[in-house]
Amino acid sequence: MEQTKETKILVVDDEARIRRLLKMYLERENYKIEEAENGDEAIDKALGQHYDLILLDLMMPGTDGIEVCRQIRDKKATPIIMLTAKGEEANRVQGFEVGTDDYIVKPFSPREVVLRVKALLRRSSQTSYLNTDTTAKNVLVFNHLSIDHDAHRVMADGTEVSLTPKEYELLYFLAKTPDKVYDREKLLKEVWQYEFFGDLRTVDTHVKRLREKLNKVSPKAAKKIVTVWGVGYKFEVGNE
């Protein structure tokens with residue numbers, strides 16, 4: 001099995017049969033699984049403990065998945081995959097806007113969920129740089145900001161910045177081609193691997209969140225992400 005070190009996943013769904021199904025398949029991969037049957041329980045567990053990833057149902061009675069994700073994102077960068085029976089674009093966009101890293105529509109194949117979990121964990125900034133003491137060979141270095149891609153570690157003026165996987169991927173994608181302008185459609189296709197038709201707010205939301213996190217540590221680093229009005233965004237090397 002691919003996963004050896006204990007990796008803890010929180011499965012959140014109001015349907016017990018779905019939680020059992022996901023738990024069974026994920027435990028086969030040696031993941032440690034905990035469950036929450038409603039949004040309030042999910043928030044308590046997610047904020048009170050460390051999880052490497054959260055599988056989160058969107059449509060739950062009471063506190064729904066959108067609110068759960070929003071509250072988690074206020075405090076933590078834990079990778080989140082949203083599960084929902086609603087496949088419309090608006091629901092998908094809403095999930096990405098509050099910080100979801102991936103999206104799976106019910107009914108789903110448990111094997112697909114396992115593959116998505118593995119893929120997100122591989123690129124997750126929460127897990128990939130833990131105990132990393134090797135010399136990185138793939139580092140982007142700028143004034144006030146460095147991105148160690150081997151370790152998925154972002155440093156702004158000497159301080160590590162905690163980013164969600166999607167925030168990290170967005171920053172890295174822009175930074176690896178400095179001064180090149182990308183429109184929102186291109187960023188959605190390359191970073192999210194989705195194509196939205198008409199509603200591109202998820203890019204703006206992630207750029208705003210990324211800037212806010214960088215600005216708390218280094219306003220000069222945050223200014224490197226530049227809005228090109230009427231076009232899109234770029235990473236500006238000379239912007240101090």
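How many helices and how many strands does the secondary structure of the protein chain come to? Colour the chain by secondary structure, and you will find nine helices and twelve strands, where helices (H or I, at least four residues) and strands (E, at least two) are DSSP runs numbered from the N terminus. What you have open is a predicted model, in which local features need pLDDT of at least 70 and side-chain atom pairs count only at pLDDT 80 or more, while totals for chains, interfaces and linings use all residues. Residues are numbered from 1 along each chain as its sequence is written, and side-chain values use heavy atoms, with hydrogens and water left out.

**Confidence**

Next, colour by pLDDT, the predictor's confidence in each residue, from 0 to 100. The protein chain averages 85, and 87% of the residues score at least 70. Select residues 125-136, where pLDDT stays under 50 and the model has 21 contacts beyond four places in sequence; a contact here means heavy atoms within 4.5 Å. Where pLDDT is low, the predicted coordinates should not be read in detail.

**The five-stranded sheet**

Now select the strands β1 to β5, which form an open sheet in the order β2-β1-β3-β4-β5, with parallel pairing. Two strands count as paired if DSSP finds at least two bridges between them. At the edges stand β2 (31-36) and β5 (102-105), each with a single partner strand, so one side of each is left without a neighbour in the sheet. From one strand to the next the twist averages 20°, with axes taken as lines fitted to C-alpha atoms, for helices over the stretch in contact, and angles running from 0 to 180 degrees between N-to-C directions.

Within this sheet, look at β3 and strand β4 (residues 80-84), which pair in the parallel sense over four bridges, and find L55, which stands opposite I81 in β4.

**Around L58**

Follow the chain to L58, in the loop between β3 (53-57) and α3 (65-75). Is L58 buried or exposed? Its relative accessible area is 3%, so it counts as buried, a term that means under 20% relative accessible area, with exposed being over 50% and partly exposed in between (1.4 Å probe, protein chains only). Leaving aside neighbours within four places in sequence, L58 is in contact with residues including D64, M82, N91 and Y103. If you draw a distance from the C-alpha atom of L58 to that of A85, 27 residues apart along the chain, you will find a separation of 8.1 Å.

Most residues other than glycine have a negative phi, and most peptide bonds are trans. Select K106 and P107, which are joined by a cis peptide bond with omega of about -5°; P107 has its place in the loop between β5 and α5. Move on to H144, in the loop between β6 (139-142) and β7 (145-148), which has a positive phi of about 75° although it is not a glycine, and which counts as partly exposed at 23% relative accessibility. D179, in the loop between α6 and β10 (182-183), likewise is not a glycine and has a positive phi of about 70°; at 40% relative accessibility, D179 counts as partly exposed.

**The cores**

A nonpolar core is a set of buried Ala, Val, Leu, Ile, Met, Phe, Trp, Tyr and Cys residues joined through side-chain atoms within 4.5 Å. In the largest one, which has 50 residues, select I54, L56, V154, L171 and L214, which touch the most other members. Helix α6 gives the most to this core, with seven residues. Domain 1 (8-123) and domain 2 (139-235) both give residues to this core, so it lies between them; these bounds come from an automatic or database domain assignment. A second, separate core of 18 residues includes V11, L26, Y31 and V117.

To finish, select E169 in helix α6 (residues 165-175), which counts as buried at 17% relative accessibility and, leaving aside its neighbours within four places in sequence, is in contact with R123 and V191.
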